[in-house]
Amino acid sequence: MNDKQTSLFNTIENYYKDYGVRAKELAREGKKFIGYVCSFVPLEIITAAGCIPFRVRGNIYEPISKGDTLLETIVCPYYRSVFDLSVKGKYDFLSGLVIPHGCDSMVRSYSAWMYSLPYSYFHFLNIPTVCVESSFEFFNAELNTFRKSMEKFAGKAITEEDLAKAIRVHNENRDKVRNLYEFRKANPPLISGTELTMALTVGSSLPIGESNDLFDQILVEIRRREKSPLKKGPRLLMDGACLDNIELIKLVEELGGNVVADTICNGARDYFPRTDEGENPIDALGRRYLDKINCPKTYRENKTGTFEGDMASRFGDIGAYAKEFGIEGAILYIYKYCDPFGFEVPARKAYYQSIHVPLLHLEDVYSAGTIGQLRTRIQAFLEMIG
Amino acid sequence: MAIVLGVDIGSAASKGIALNDQGTLGSYECPSGGDFKLTAERIKKELLSQAGKSENDISRTVATGYGSNRVTFADEVKPDIVCIAKGISSLLPSVRTVIDVGDLYTKVLRIDGNGSVHNFLLSGKCAGGSGRILQVIAKVLHVRVEEIGELSLKSKKRVEFNTGCAVFAESEAISRLSQEVKKEDLLAGIHRALAAQIDSLTERMGVEQDMAMVGGGARDAGLVQAFKEIRGHDILVPEKPHMIAALGAAIIAMENLGIPQ
């Protein structure tokens, strides 16, 4: 890397390590940040209200302590870590928090967040668990309720034009990320999985305009790159829920793998689906968040009547990424107690087998303490497929 | 001719093998202890002495196992899964499913006749399903771990254990002892419980015959017997099952030098 690249990635690393530092600065100037914890929160509505969405994240190096006195440990460790940091005051600069029905843990713990945190605004967003015609009608009404609630909090009306503008700027953000993914197609990739995950994590802590600027700068720098930061190795897809820390991907890349694609929440699951422009914005948002985000939380009816057909409609995106990014193996990374993903493991395994992509299934707690155990498994997997 | 070394530093026991193109020149095992680097040096010294060779005669060393990165004189470090596959294939080429019962994990491997791994599965992150429980129970009963296999085979009335957790099993064993249950019946119960856990792992991996059991756990006749009973078919056990990863590491070292085995 040249000096300019080094300084850009140093800035990203600083924002990553001191997560929320920029938001804190802006909050002191009076900007209103609204925290969210899952990909199902329509960021466009927060932006249209003149507020700034901020993805709250956990910390695998911080033992869960205070959080466990307020929340039972039957909840997934990722979510517990996010909650723990929040109740310890890490995100006290937030003005509010939106929790969607992303999984049962989110629904059941909503009141615990409300009682335990000092924010002035809370909203629970009900998301249908199925995806049929009536679901869209229901979900659009939910989106309008959320819109009204944000209007009340922000003290301003959210016009159709505000929504259209917000949709445009968030789509721009997604397009830039899609362009960054293009650089993963080189062999070895021109951007490492570690760099990209760090950048995307940081991006979701910044105002959307600053996030767009940051991704533009990264695009400029990567275009200038002549050499990959990685040695050529097995090309891997990271499959799973939210990976808001770089440690696992970093470990895989240190052991010689090239992480070049993913389905994770702060990756392709979040950034690949665009919101349609030029039509009723609430309808378009309804379609994006309910149908286009492919998450095991949503039950999709098997219209084919066969197991294979069901697999293809639920996991077809994995097969498509496998082709597009030249995947040679995948890691399915699941948090303990994550019900939506946990139930799907056998079906996902069957799907990987059907597309002839070797799979390593890892179940983990959200803690840096398990890195050694992961290393043993990843080393053997890379050796096996290498 | 020069020799190669395969060194396997496990979480409980460390093993080493010295080979040349004529065959095995030395073989050594010892507890891993707290200083893996020192243990590795000790193994090297012992193997050289058995082989009647000096340090300069070592052409290549491949290290494996939990503490492999502390084998500072190794030319290469290989995952133990790869070494186990290589080692067992050299001795029992018909084997397609390998169960390695170690102190830290139990591993199930699917391999081909050339010693390449096709898939693998490890037991969970806690000690449940690993060989650790055998050491724990030996300590509780005040018998040597080497003796528990034969003792277990004498059981006429196996105790049923309801837990696969090593910690719970220990407290359950202590409470059963207070009810004057015989040692052999207790051991047979522990072996059955561990074998059932290993069987569940094996089923999840999927089985192709022949099946072999290796690792320190495979030296325990009681465990092998319990596993055979649950599986309902024969399980191959090589002569020194705990040395398989070290042997595989040494074979890989030979292959690296282009010497066929």
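Predicted model: local features only at pLDDT ≥ 70, side-chain atom pairs only at ≥ 80, totals over all residues.
Biologist: Which residue in E4(A) is the bridge partner of Gly96(A)?

Modeller: Tyr121(A). Further along, Pro100(A) stands opposite Leu125(A) in E4(A).

Biologist: Where does helix H6(A) pack?

Modeller: H6(A) packs on the sheet and touches E3 and E4 of chain A. Its direction makes about 165° with that of E3(A).

Biologist: What do E3(A), H6(A) and E4(A) make together?

Modeller: They make a β-α-β unit, and it is right-handed. The helix spans residues 104-116 of chain A.

Biologist: And the sheet itself? In what order do the strands come?

Modeller: The order is E2-E1-E3-E4 in chain A. These four strands form an open sheet with parallel pairing.

Biologist: Which strands stand at the edges?

Modeller: E2 and E4 of chain A. Each has a single partner strand, so one side of each lacks a neighbour in the sheet. From one strand to the next, the twist averages 25°.

Biologist: Let's do E2(A). Are its residues buried or exposed?

Modeller: Residues 52-55 make up E2(A), and all are buried. Ile52(A) and Phe54(A) point one way, while Pro53(A) and Arg55(A) point the other way.

Biologist: How many bridges join E1(A) to E2(A)?

Modeller: Four, and the strands run parallel. E1 is residues 33-36 of chain A. To get from E1(A) to E2(A), the chain passes through helix H3, residues 43-48 of chain A. That β-α-β crossover is right-handed.

Biologist: What stands opposite Ile52(A)? I mean on E1(A).

Modeller: Phe33(A) stands opposite Ile52(A).

Biologist: What does Pro207(A) touch, leaving out residues up to four places away in sequence?

Modeller: Leu26(A) and Ile52(A). Pro207(A) sits in a loop of chain A, between helix H9 (193-203) and helix H10 (208-224).

Biologist: Why does Pro207(A) count as partly exposed?

Modeller: Because 18 other C-beta atoms lie within 10 Å of Pro207(A), and a buried residue needs 20 or more, an exposed one 12 or fewer.

Biologist: How far apart are Pro207(A) and Asp317(A)?

Modeller: Their C-alpha atoms are separated by 29 Å. Along the chain they are 110 residues apart.

Biologist: New topic. How many residues does each chain give to the contact between A and B?

Modeller: Seven from chain B and seven from chain A. On the chain B side, helix H2 (80-91) and strand E8 (117-122) each supply at least two residues. E8(B) gives the most, with three. By class, that side has six nonpolar, no polar and one charged.

Biologist: What domains does the assignment give chain B?

Modeller: Domain 1 is 3-82 + 243-256, and domain 2 is 93-237. Their centres, taken over C-alpha atoms, are 26 Å apart. Eight residues of domain 1 and nine of domain 2 make the contact. The domain 1 side has six nonpolar, two polar and no charged residues.

Biologist: Last one. Which residues of H7(B) are buried?

Modeller: Gly222(B), Leu223(B), Val224(B), Ala226(B) and Phe227(B). The helix covers residues 221-231 of chain B.

Biologist: What do they pack against?

Modeller: Four elements of chain B: strand E6 (97-101), helix H4 (148-153), helix H6 (183-205) and strand E9 (211-214). Just after H7(B), Gly232(B) takes a positive phi of about 75°.

Note on methods
Residues numbered from 1 in each chain as written. Chains lettered and ligands numbered in written order. Pairing = 2+ DSSP bridges. Right-handed = clockwise from strand over helix to strand, strands pointing away. Contact = placed C-beta atoms within 7 Å. Nonpolar A, V, L, I, M, F, W, Y, C, P; charged D, E, K, R; others polar. Domains from an automatic or database assignment. Axes fitted to C-alpha atoms, helices over the stretch in contact; angles between N-to-C directions.
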